[in-house]
Amino acid sequence: GVIMVPKNMDLDFTAEVKTIKYADIIITDAKGHLVLRNDSMLLKETGFTLIGAPVTMNASYTSITPQKAAFNYHIVANDFDIHKAYKNIKLFHDLVSMAEHADGLVSLDYQLGGILNSSMMPVYPSLKGGGVLSAKKIRMAGFKLFDAIGKESKQDSVGGSSDVSKVAIKSTIANNIINIERTKIRMAGFRARFEGQVSFSSQLNLKFRLGLPPLGLIGIPMTITGTGETPAIHLGKGKEADELQEVADKDD
């Protein structure tokens with residue numbers, strides 16, 4: 001079951017914890033303001049270290065039943081190892097599947113809320129939020145999506161190992177779908193942009209434009225469907241049938 005916050009408790013204090021283990025996540029040097037009141041726990045201006053990077057967070061947690069709780073948090077993490085986060089944090093693994101093929105430092109500013117089940121794990125259709133994942137430079141190697149784009153556009157340099165620079169991916173999450181706003185990137189000497197949908201099961205519905213050198217004024221439009229492991233690339237604009245189906249939380 002979930003952690004039940006006592007109804008008759010009213011506490012307000014500053015906490016310092018050297019090490020916290022939550023599932024497979026190790027948090028160190030946690031310091032923050034903690035409030036327990038009315039079935040809820042509030043974390044204010046909490047700082048800690050996660051996978052070697054400094055993190056600040058404000059969060060709330062409310063126990064609803066012994067099998068269900070609600071949470072909401074705003075997290076800011078600067079210059080953390082994207083691949084290490086993919087390997088060690090399940091939620092990041094599921095939200096940013098491309099990180100499997102990425103190396104480099106990224107920053108995250110995101111707000112997310114939803115329901116926790118009896119195992120204290122997020123119920124994915126209940127998740128709602130938004131924010132930005134940014135990086136000055138990351139290296140993509142073995143990323144099948146870039147390989148497929150290079151093959152379809154007959155621009156082989158796009159595939160293989162590519163450096164992606166000055167990227168800021170803004171997205172929102174609702175009903176099991178990550179909606180990505182139009183994002184511009186520079187990769188392997190090309191100017192590109194993309195936008196669209198990614199589901200938590202790694203299904204894709206992306207509009208992609210590969211701008212050709214030198215200035216990217218001439219571009220190749222593409223539609224990307226399929227999954228991250230088996231992407232399907234089609235030249236031209238997408239169809240209404242490509243839209244991913246939302247999955248609403250059953251408790252809504």
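**Contacts and surroundings in a predicted model**

Colleague: Leaving aside its neighbours within four places in sequence, which residues is D242 in contact with?

Modeller: D242 is in contact with N205, T223 and T225 once those neighbours within four places in sequence are left aside, where contact means heavy atoms within 4.5 Å. This is a predicted model, in which local features need pLDDT of at least 70 and side-chain atom pairs count only at pLDDT 80 or more, while totals for chains, interfaces and linings use all residues. Residues are numbered from 1 along each chain as its sequence is written, and side-chain values use heavy atoms, with hydrogens and water left out.

Colleague: Okay, and where is the place of D242?

Modeller: D242 sits in the segment that follows strand β13, which covers residues 231–235. Helices (H or I, at least four residues) and strands (E, at least two) are DSSP runs, numbered from the N terminus.

Colleague: Does D242 count as buried or exposed?

Modeller: D242 counts as buried because its relative accessibility is 14%. Buried means under 20% relative accessible area, exposed means over 50%, and partly exposed is in between (1.4 Å probe, protein chains only).

Colleague: How far apart in space are D242 and L206?

Modeller: From C-alpha to C-alpha they are 9.0 Å apart, although 36 residues separate D242 and L206 in sequence.

Colleague: You listed N205 as a contact of D242. What else does N205 touch?

Modeller: With neighbours within four places in sequence set aside, N205 is in contact with E195, G196, Q197, I224, D242, E243 and L244. N205 belongs to strand β11, residues 204–211, and it is buried, with a relative accessible area of 10%.

Colleague: Let's go to N175. Why does N175 count as buried?

Modeller: N175 counts as buried because its relative accessible area is 17%. Its place is in the loop between β8 (161–174) and β9 (177–187). If residues up to four places away in sequence are not counted, N175 touches P125, L127, K128, E246, V247 and A248.

Colleague: Now the glycines. Where are G129 and G131?

Modeller: G129 lies in strand β7, and G131 is also placed in β7, which covers residues 128–141. G129 is partly exposed, with a relative accessible area of 25%, and G131 is partly exposed too, with a value of 22%.

Colleague: Which residues are in contact with G129, and which with G131?

Modeller: Again leaving aside neighbours within four places in sequence, G129 is in contact with Y110, Q111, L112, T172 and I173, whereas G131 is in contact with D109, Y110, I169, K170 and S171.

Colleague: Where else is phi positive in a residue other than glycine?

Modeller: One case is D29, with phi near 55°, and another is N38, with phi of about 50°. Most residues other than glycine have a negative phi.

Colleague: Last one: how many helices and strands does the protein have?

Modeller: The protein has 3 helices and 13 strands, and 42% of its 252 residues count as buried. Its C-alpha atoms fill a box of roughly 65 × 35 × 25 Å along the principal axes.
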